[in-house]
Amino acid sequence: MKAKGAVRWFAALFAMICLYQLSFTWIASNVEGDAKRFAKGDESLERRYLDSIAEKEVFNFLWLKKCTYAQARDQKLNLGLDLQGGMNVVMEVDVVDVIRALSNQSKDPAFNKALELAASRQASSQLDYVSLFVQAYQEQAPNARLAGIFATRENQGRIDFNTSDEEVIAVIRTEAESAIDRSFNILRTRIDKFGVTSPNIQRQQGSGRINIELPGVDNPDRVRKLLQGTAKLEFWETFEAAEVLDRVAEINKFLAAESKLKGKTAMDSSSNSGDTTTALADTSSSQNALLRDLAKSDTSMAGDTSEAGLARTKQENPLFAILMPAVYQDKDGSSKVSQGPIVGTSAARDTAAVNTIMARTEVKNFLPRNMKMLWTVKGRGEGNRFFDLVALKKRGNEDQAGLEGDVVTDARESIDPFGKVEVSMTMNAEGAKRWRRMTADNIGKSVAIVLDDYVYSFPTVQSEISGGMSSISGNFTTEEAKDLANILKAGKLPAPARIVEEAVVGPSLGKEAIRSGLWSIVMGLLLVLVFMALYYARSGLIANAVLFVNIFFIFGILASLQAVLTLPGLAGIVLTIGMAVDANVLIFERIREELSRFKSQRQAVSDGFSNAYSSIIDANVTTILTGFILYTFGSGPIRGFATTLIVGILTSLFAALFLSRLIMEYYVSKDKPITFGTSATLKMFTNLNFNFLGRRRLWYGVSLTVIVAGLISMFTQGFNLGVDFKGGRSYVVTLDSGRGAADIRSALTTVYGSAPEVKTFGSDQQFKITTTYKINDNSETVDAEVEEKLWKGLSGFYQSKPSQEAFKTSYLMSSQKVGPTIADDIKVSAIWSIFFALVAIFVYIVIRFRKWQYALGATVALAHDVLVVLAVFTLGWKWLPFSMEIDQAFIAAILTIIGYSINDTVVIFDRIREDLGNKKLTVDFGIINKALSTTLSRTLITAFTTIITVVILFLFGGDVIKSFSFAILIGLIVGTYSSIFTASALVFDTVKWMEGRSKR
């Protein structure tokens, strides 16, 4: 080998760099271990300990002079969410609000209908929202121009009535892109202030989505509020309840009259409803009359609690049955209207019904034009289940607050004079001036502080407030006040951002994943080491030594790239261990061939490496191509798997081609014998001459039978699609009652209204529950609502009923949410990734082998492998005792199978090309059989070492990746089969068919 010195220096330098990068992981782990021992299980104390020493020197030796914990922490090899717990979310910026704002809230019917159509089509389209909106608008108003909507005073200088549609679209896209960029920066600022170790936020190019990873997070509700709040802060003047409660009472009467009219005929209803509305609208009750009515209503509602009584109450008082008016009984028994802006109080379950009533046009006619009503953000009463409806006063007739939150320059948590936590705010000069005027005009009245359309507080103004100081109170915890202050300081999002995909992994599941993942690596490594030593003797020991170096390089590179090690990443390392021996097996088998020709050991080693070089490069380049495609189209843990796979292949190539040769040539130079097998193994796979092509039609028939059975099942039985592909929410929960999936499904059907999917997940006491309940609801509270219903439905399945908080922390192991829009995108990306992998391999083989028949044979064989694996999954998902979901991990497995199978196939093709040499034959029956027989030892040995590592992964890698490892296991077997029996046979038949056509 030439340039031995350069290889030695490079290997030494590479090792030092890896050691340097991994030393940060060692230092950080030691410090964090000390923190755990100090805190003794108290996570808050552990965090404070680490924060206190963040900038302190924790190591001082050689190249790590004065290394602080913060430096070590920032450069260590980080664990993914599936290995340490945490939360991953994909947020989508709602461009609808950007377009509405750009149109100055246009009321044009075609414009608003186009927005609705674009939103509904987005769930099943790959086009961006702006393109869908333009298409829908052109459908609704084919002769109209966009300039007619967007030529507003605010857009003067950019859009006028002569601006073309193309120019208007360009402005819309610029505004949408700007809103996404600003949202990204604001979200990053919020996360930086949140205090999470090693957060990761990335924008998904080409979409309005932002991917956020928060390791170690144990309070998902807090994160959802932090991320989804737009931070639209407003200060509103208010109405006193006494000013508007008579109007609310009139609404109650109107609804009661309307309810009675429903029992009459349609003719009576149409003739009387207008008179009723007019009569009620003209009513002007005195304050005393109103109080008598409310007192009567209050008495009737409280008196009869029977089912019939409640129904009568709801009919007589449709509004007050769900909205308790702000009236109280004085000491003398008389009813009085409460002071302040609270109109009434509702239970949480009734707030939506009240909103529906108040949104009706005929109901709005009863209320002042400059009035709007919003709910308080926090509940009160038993279980904090009751919320107050507050009457706000608009500025003029526009839906605008008296003061906007953009005047706030600073916000911080503080303690009020009564010892309660609040958020103090400071305003700029203009805001201070307007705040002073606003408070001066409302002395003795309430001013409501509203954030994201929820009322946080409505203090009564005692005197004029100067200096631009204000505060928000509302029974905050310290964490809530801190988060709110951070949101206000980071600024208002230019458009709402909603979570469209979410995954939460509990810390206990993460620890279990680490144990199972590491155990799989150790077991797989040991089996491969033992096999190589037994089969190849001393050369096998050299391969084992190189394998250890290879693993060291893999971890070193991952650390230097600041990559995140995920559970699929660990699976990638296990797979790499199995595949890493492939290059060594190719080399050793070639050297054994050369030795069988009675060459000297020195010459055999040299020729063996030279002859194996082409096969090794071709085989690994095709695998790397699939790895890059997987990285491009994958996300989260799947990217972690792709990264590990690519790094593993590159380090394996370096280790096998250079380090192995360096060691062997050292032995040869010292005249030390190297054995390439034992007396038993040296005789294996010798003088083989199977007639593989002679029975190719039999193999075609076997493959076709399995594929046809699979296709029939695909169209009849279908697949078990994961939430990645169909949308929904998925939860992994642990129970202790010993009851089965059918009982759980029945209980959850009661609370969700539709049957969820329930499967055993690992042990008999662990279940995976998938539901599509309210998956299209984008409100901030819906995730908490779905989890609450899950807790209620499962409460009877525990020997001791846990509280909701105990259920979330101790029994809810993980959760995942995928919205329908992103589920469609994932499906399409999966299809494209497989397609591009096949195309890339086809092109590469055409270039390398200069004949399209080789590329066609390889590509058809790969498609065969994919179809057989799909057939196994569609035929077996109802019968096998573990999850067989089709999700992103399954697509990663398919691409891995493609990479592995083409690796095998290319080695055989390379031997066919070599055996043909300078012969003019395109293919030859005997030469192909010989090539297949000669490479059979390498094919089966590589398959064996890879399969045993995947079997270990399947048995001990944990339930999370059981389906993933099973798919790879089936793919390895099928890929080996197709490489031997299908790919070369297809090349032979294709060439012969083309030759037959040319002779005609």
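Let's start with arginine 597 and glutamate 593, whose side chains meet in a salt bridge at 4.0 Å, N to O. Keep in mind that this is a predicted model.

In total, the structure holds 36 salt bridges, so let me show you two others. Arginine 913 pairs with aspartate 910, with the closest N and O atoms 2.4 Å apart. These two are 3 residues apart in helix H30, residues 888-916, so about one helical turn separates them. Arginine 913 is partly exposed at 27% relative accessibility, whereas aspartate 910, at 3%, is buried. Elsewhere, salt bridges with shared partners join Arg224, Glu502, Arg729, Asp783, Glu787 and Lys817 into one network.

Then there is arginine 412, bridged to aspartate 410 with the closest N and O atoms 3.8 Å apart. Here arginine 412 is partly exposed at 36%, and aspartate 410 is partly exposed at 31%.

Now, on to helix packing. How do H23 and H29 pack? Helix H23, residues 696-716, meets helix H29, residues 852-876, at an angle of about 50°, with axes 8 Å apart. That angle makes H23 oblique to H29, and the crossing is left-handed. Contact residues include Val706, Ile707 and Gly710 of H23, and Leu867, Val868 and Ala871 of H29. By class, the contact has 9 nonpolar, 5 polar and no charged residues.

Last stop, friends: asparagine 620 in helix H21, residues 601-633. Asparagine 620 counts as buried because its relative accessibility is 9%. Beyond its neighbours within four places in sequence, asparagine 620 contacts Ile649, Leu653 and Asn903.

Notes: Residues are numbered from 1 along each chain as its sequence is written. This is a predicted model: local features need pLDDT of at least 70, side-chain atom pairs count only at pLDDT 80 or more; totals for chains, interfaces and linings use all residues. Side-chain values use heavy atoms; hydrogens and water are left out. Helices (H or I, at least four residues) and strands (E, at least two) are DSSP runs, numbered from the N terminus. Buried means under 20% relative accessible area, exposed over 50%, partly exposed in between (1.4 Å probe, protein chains only). Contact means heavy atoms within 4.5 Å. Axes are lines fitted to C-alpha atoms, for helices over the stretch in contact, and angles run from 0 to 180 degrees between N-to-C directions. Angles under 35 degrees count as roughly parallel, over 145 as roughly antiparallel, 65 to 115 as roughly perpendicular and the rest as oblique. A crossing is left-handed if the near helix is turned anticlockwise from the far one by less than a right angle, and right-handed if clockwise. Ala, Val, Leu, Ile, Met, Phe, Trp, Tyr, Cys and Pro count as nonpolar, Asp, Glu, Lys and Arg as charged, and the others, Gly among them, as polar.
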